[in-house]
Amino acid sequence: MAAKSGAGDKDEMSQYVTKDTIAQLFEVTGRRIEQLVSDGVIERVHIRGGGVRFELGVTIQKYIRYLSDKAYGRDRSEVEARLKEQKLRADVALKESQGELHRLRTEIAVGNYISIEEVKADYSRFFIVFKNFALSIPGKLAGRLTGFVDPVEVREIENDLQREIKALLKSFVSRAVLPKTAPAASDDAAAMQPKRRGRPRKNAKE
């Protein structure tokens, strides 16, 4: 029985190790082990016969749990930090959009903005006036040249300018809204020409 008791004591003693053994096993310094004990991560136990040791299995389990919690806590902190940053950016963007909306409403209230319908109407009126003005240029120029340039050449100049202006207007806009009372533009330049001023043409019958 004594022999068995001695073997049991030996087995029990092998479950407990010194601080240096734990430090070597964890690959840290003895001072770090003391810090872990102070932080409550691992703990010493008193064994029979005096002395203080670390229970090997329990100490390893506690240390592994400590490392796992530490790693999880770090990851969680990083995720929380990213979420806080995203929330902050979203709050800033929301405030900026609200400020911009308020500014637009104020601008609209004081008349700094007009509706799309008004813009379309203004554009249509402008294009009609501009188109009529542009189409009248060849006729005005022909009237000024009359008496100084051969009538045939004047007519050719007038027709060339008319074609170029029509091509430019066509490329400038796909369509224009014309009032019902306005005469439609035709290939005949004379249809859109105002009355000519200046001297009467020579050989008017030609």
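## Aromatic ring pairs

Ring pairs link F26, Y63 and Y66 into a cluster. The model is predicted: local features need pLDDT of at least 70 and side-chain atom pairs count only at pLDDT 80 or more, while totals for chains, interfaces and linings use all residues. Residues are numbered from 1 along each chain as its sequence is written, and side-chain values use heavy atoms, with hydrogens and water left out.

In total, the structure holds 4 aromatic pairs. Rings of Phe, Tyr and Trp (its six-membered ring) pair if their centres lie within 6.5 Å; planes under 30 degrees apart count as stacked, over 60 as edge-to-face and the rest as tilted. One of the pairs is Y123 with F127, which is stacked. Both residues lie in helix α5 (residues 116–145), 4 residues apart, or about one turn of the helix. Helices are DSSP runs (H or I, at least four residues), numbered from the N terminus.

Buried means under 20% relative accessible area, exposed over 50% and partly exposed in between (1.4 Å probe, protein chains only).

F126 and F130 form a stacked pair, because their planes stand at 15 degrees. These two residues are also 4 residues apart in helix α5, about one helical turn. F126 is partly exposed at 47% relative accessibility, and F130 is partly exposed at 35%.

| Pair | Centre to centre | Angle between planes |
|---|---|---|
| Y123 and F127 | 6.4 Å | 25 degrees |
| F126 and F130 | 5.9 Å | 15 degrees |
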